[in-house]
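Opening the notebook on a new model today. I want the fold first, then the charged side chains.

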Amino acid sequence: MSVQHLSLFSVSSIFNSLKMEMKIIVVVQDKFCGIINICVEGLHDIMTEDSETGTYKDCMLMTAFEEPTWAEDEEPPTEQDKRKKLLALRDPVHTVPLKQFVYEKLKAQQELLGEPGFQALMETVDAEIVAQLQEFLQGF
């Protein structure tokens with residue numbers, strides 16, 4: 001393949017990639033309100049409030065340092081249980097805090113659209129949902 005063909009191929013590939021990114025952006029913007037509603041619903045499902053600090057904690061997070069506990073009438077963890085835990089420790093559901101993930105994605109969308117465009121999107125979301133989202137994202 002000649003350099004000219006390679007560069008045409010590269011330009012075409014880049015153009016197709018940009019078209020795909022633009023389609024994704026349009027889908028996200030079209031579904032933004034629903035996406036935010038689902039995020040807030042997920043945050044309600046997995047966040048528990050720490051009574052001492054008044055902050056929210058992601059109950060899906062796991063650490064390798066957690067010692068397994070079991071009641072007196074339960075069997076200690078089996079090798080299969082230990083393998084499941086090791087697998088779960090590689091799963092983003094258990095290693096990435098949801099509120100951090102949501103914050104980072106919202107920040108990226110804000111940077112992509114600029115402040116006016118992002119505010120226009122946020123106006124499509126119910127005010128109560130926005131208030132709940134802000135409560136969860138306090139501290140970011």
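My notes follow, going from the whole chain down to single residues.

Entry one, overall. This is a predicted model, so I keep in mind that side-chain atom pairs count only at pLDDT 80 or more. I looked up the secondary structure and found six helices and two strands in the protein chain. Reading from the N terminus, I get the order α-α-β-β-α-α-α-α.

I checked how much of the protein chain is buried: 19% of its 140 residues.

How many salt bridges does the structure hold? I found one. Glu79 pairs with Lys82, and the closest N and O atoms are 3.4 Å apart. Both residues sit in helix H3 (residues 79-88), three residues apart, which is about one turn of the helix. Side chains of opposite charge can pair when their charged atoms come close. I also looked up accessibility: Glu79 is exposed at 51% relative accessible area, while Lys82 is partly exposed at 43%.

Entry four, a charged patch. Which residues form the negative surface patch? I wrote down Glu49, Asp50, Glu52 and Glu135. I then picked out Asp50, which is in the loop between strand S1 (47-49) and strand S2 (56-58). Asp50 counts as partly exposed because its relative accessibility is 30%, between the 20% and 50% cut-offs.

Terms used:
Residues numbered from 1 in each chain as written. Predicted model: local features only at pLDDT ≥ 70, side-chain atom pairs only at ≥ 80, totals over all residues. Heavy atoms only, no water. Helix = DSSP H or I, 4+ residues; strand = E, 2+ residues; numbered from the N terminus. Buried < 20%, exposed > 50% of the residue type's maximum accessible area, 1.4 Å probe, protein only. Patch = residues over 30% accessible without salt bridge, like charges linked within 9 Å, V, L, I, M, F, W, Y side chains within 5 Å. Areas by Shrake-Rupley, 256 points an atom, 1.4 Å probe, with all protein chains shown as cover. Salt bridge = Lys/Arg side-chain N within 4 Å of Asp/Glu carboxyl O. Lys, Arg positive; Asp, Glu negative; His and termini not counted. Charge placed at Lys NZ, Arg CZ, Asp CG, Glu CD.
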